[in-house]
Amino acid sequence: MSKLLTVSPSPHVHSSDSTQKIMYRVIYAMVPALIWSVFMFGIDALRVTLIAVAACVAFEYLIQKYLMKVTPSVTDGSAIITGILLAFNVPSSLPWWIILIGAMAAMGIGKLSFGGLGSNIFNPALVGRVFLLLSFPVQMTSWPGIKMAAVDAVSTATPLALIKESVKNGIPIAKVQGLPDLTDLAIGMNAGSLGEVSALLLVLGGIYMIWKKVITWHIPVSILATVFVFSGIFWGINPEMYVNPAFHIMTGGLMLGAIFMATDMVTSPMNPKAQIIYGIGIGLITISIRMFGAYPEGISFAILIMNAVTPLLNYYIKPKRFGGQ
Amino acid sequence: MLKTFKIGGVHPPENKLSKDRKIEVLSIPSAVFIPVAQHIGAPSTPVVKKGDKVKVGQVIAQSSSFVSTNIHSSVSGTVKKVDFSADSSGYPKQGIFIDVEGDEWMEDIDRSETLVKDISVDGAEIVKKIQECGIVGLGGATFPTHVKLVPPKGMKAEVLLINGVECEPYLTSDHRLMLEKADEILVGIQLLMKAMNVDKAVIGIENNKPDAIQLLSEKCKSVAGVSVVALKVQYPQGGEKQLINAVTGREVPSGALPIAVGAVVSNVGTAFAVYEAIQKNKPLFERVVTVTGKGVSKPSNFLVRVGTATSELVAAAGGLPENTGKIISGGPMMGRAISSLDIPVTKGTSGILLMKEEESKREEIIACIRCSRCVSVCPMGLEPYLLMTLGEKQIYDRAESERVMDCIECGSCSYTCPSNRPLLDYIRFGKGKVGQIIRSRKK
């Protein structure tokens, strides 16, 4: 025998799965909600998404190549996910240059300053989104009306913003004008950021990801259950001042956050017990902000806060060891 | 619902290419190299020298302590030399080279095929005979069997578990043995039960071997106390702790032996060897070895004399395929890649797997995305991503408190990692270092 044999430690076989495949599955899972956004907000939705994706991929490439001087890893698909998620979190009317700034914040500050894929502490898309929300509050909260519903697209408020405003002015929930009903919210017939409007399609994407073993049920279910129970308690005490829990579940970015952003592998805990605690934390903080905070919506901040707690959860919460503790 | 172990596990493609191939007796090679360390524990001491004539079954190296065992000649002929040569670990190990002349067996070995069912010896004699006959765990761990049969003070065995799981992909030697030597295995199980003084034995077999499950279940009906449990296919179910958990629901505590939960585990191959030792007076010098691989023209199961070079087995299975890139002694999950075809079959060699060039290379390593799959597949409930980093950064005290010593090195973490990270490589490294630290502390 002339040629050399490979000698390496076991195991000698590897599953056919890869990080790239996982990333692309996440992208497939977002496609239904993306199509719906185009249907709802017109070609503007597509414009925002394409700019965001292209910008995220480009910033990752440029920063890795010229600032970090490492081999760019844009082919792994993670920058595309960040781009889509960033687009999903902004209004469809956002000007292109604001999107670019958001993409730069997401990739540069959120991801690459920590070392790139796998090293970031905070969800990059949310870093981008919150950066924009704080820097451009007006543009980030001007929601174009639904193309299908209104003849002229006018600026409208999101359901959560309507509620926040009325509660501030002491108007009972039942009297608030222009609130969509639950069916509309489920399908996505309401104003909001690109990807957050259709609860059903987001759930569909979540089911696909659970089926393909990209995520497990622990994080989304614990967030949604916490939101339901926590907001349900307040609603039970005073239904005049607090909306019913189903409304909380279906509105704003809750589904988007619970299914696509809180489940980001890099920034969420590594074992089921810790994931449930993380999910409960996100649920509690989200509802606290929605009910008592200055912003109508709280899921972005809630996820970022719990991202920061993730290393601590990984340190203290251990998986069930074989053979007891 | 089929039983299985409770934590973790993976299911690699089974690729049992040789499952329908009957066990063939491999022709005796012209020379053998028999290492004196074929078991866990102290290497045996050679008792032959250059020029000595030996017979098949003759002791050529003697047990040197309690955790050790005898080594017997697998051939008849002349001792060429006692020297060092590589075994499957790749390191030179002491062993005995014998040039084969004929096939002359020790006179007291019963070479007939007759099934001997009646057990005429008592428990202590069985244990003694097992030790004399050089029997070790044939599942791959090669722990001397007589040691397991004598529980430490204050502990009592309640149940004997027989491992017919064969969870490693490709390997079929245990499967074939169960189909072809079922009666002998059952007598072997009864002998082990008598030696341990237990009245219950359970044979665990994965559900991908329905023929073996059916055959043994049928035969067990006439044997008091022995039953078969069908298990869900899940790697590493053949691991001792996982099998105990799957069958009895008990968890062996961290750092403890199976006897702590009243269980002793033996492989079906070991049970067969025990039958031959006690009923036929035949020491352990041959075993069934699967020779397989996607490029192999005749995937086979051979009955092979210990010390036979790998090249002989490969030739009998149709020769070395042109594009062979890696040769593994054992299965693809826990086996060892060997560097040469000269390496001999030993008591622990369950298979020879030839991998094609394109299967033999590892994929490019990329960053950990903290997907936590390694955590969810770890059958010991450990956090491989963390243990890898602790090994890499040499933070041994933390590795110890994160229970690196519990790792059974099954490789499920590396197998499943979507970023192709060499988790087990670093964990093994860390485990080795932590083991050293623990041992030096005890001194």
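How far apart are the centres of domain 1 of chain B and domain 2 of chain B, taken over C-alpha atoms? The two centres are separated by 27 Å. The model is predicted: local features need pLDDT of at least 70, side-chain atom pairs count only at pLDDT 80 or more, and totals for chains, interfaces and linings use all residues. Residues are numbered from 1 along each chain as its sequence is written, while chains are lettered from A and ligands numbered from 1 in the order in which they are written.

Chain B is split into domain 1 (1-25 + 111-361) and domain 2 (373-442). Domain bounds come from an automatic or database domain assignment. Across the boundary, 15 residues of domain 1 of chain B are in contact with 15 residues of domain 2 of chain B. Two residues are in contact if their C-beta atoms, placed from the backbone, lie within 7 Å. On the side of domain 1 of chain B that touches domain 2 of chain B, eight residues are nonpolar, six polar and one charged. Here Ala, Val, Leu, Ile, Met, Phe, Trp, Tyr, Cys and Pro count as nonpolar, Asp, Glu, Lys and Arg as charged, and the others, Gly among them, as polar.

The C-alpha trace of chain B spans about 65 × 50 × 50 Å along its principal axes. For 443 residues, a compact globule would have a radius of gyration near 22 Å; chain B has 21 Å, which agrees. The radius is taken over C-alpha atoms, and the globule rule is 2.2 Å times the number of residues to the power 0.38. Chain B holds 14 helices and 17 strands. These elements are DSSP runs, numbered from the N terminus: helices are H or I with at least four residues, and strands are E with at least two. Of the contacts in chain B with a separation of 6 or more, 74% join residues 24 or more positions apart.

Buried residues make up 55% of the 443 residues in chain B. A residue is buried if 20 or more other C-beta atoms lie within 10 Å of its own, exposed if 12 or fewer, and partly exposed in between, with C-beta atoms placed from the backbone. Helix α3 (residues 173-180) of chain B is mostly covered, with six of its eight residues buried. The buried residues of α3(B) are B:Ser173, B:Asp174, B:His175, B:Arg176, B:Leu177 and B:Met178.

Chain A meets chain B through 30 residues from chain A and 51 residues from chain B. The chain A side of this contact has 13 nonpolar, 13 polar and four charged residues.

Chain A is itself divided into domain 1 (20-140) and domain 2 (157-316). Their C-alpha centres lie 21 Å apart. Contacts link 32 residues of domain 1 of chain A with 27 residues of domain 2 of chain A. On the domain 1 side, α1 (19-41), α2 (43-67), α3 (78-88) and α5 (124-135) of chain A each supply at least two residues. Helix α1(A) gives the most, with 13 residues. By class, this side has 23 nonpolar, seven polar and two charged residues.

The average pLDDT of chain A is 88, and 95% of the residues score at least 70. Over residues 148-153 of chain A the pLDDT is below 50, and this stretch has six contacts in the model beyond near neighbours in sequence. pLDDT is the predictor's confidence in each residue, from 0 to 100. Where pLDDT is low, the predicted coordinates should not be read in detail.

UniProt, in an unreviewed entry, places "modified residue: FMN phosphoryl threonine" at A:Thr158. UniProt positions follow the numbering used here, feature names are shortened, and annotations may be inferred rather than shown by experiment. A:Thr158 sits in the loop between β2 (155-156) and α7 (159-168) of chain A. A:Thr158 counts as buried because 23 C-beta neighbours lie inside 10 Å. Not counting residues up to four places away in sequence, A:Thr158 touches A:Trp143, A:Ala191, A:Gly192, A:Gly252 and A:Pro296.

The unreviewed UniProt entry also lists "transmembrane region" for chain A, including residues 22-39 and 243-263. Residues 22-39 of chain A are 100% helix and 0% strand, with end C-alpha atoms 27 Å apart. Residues 243-263 of chain A are 67% helix and 0% strand, and their end C-alpha atoms are 26 Å apart.
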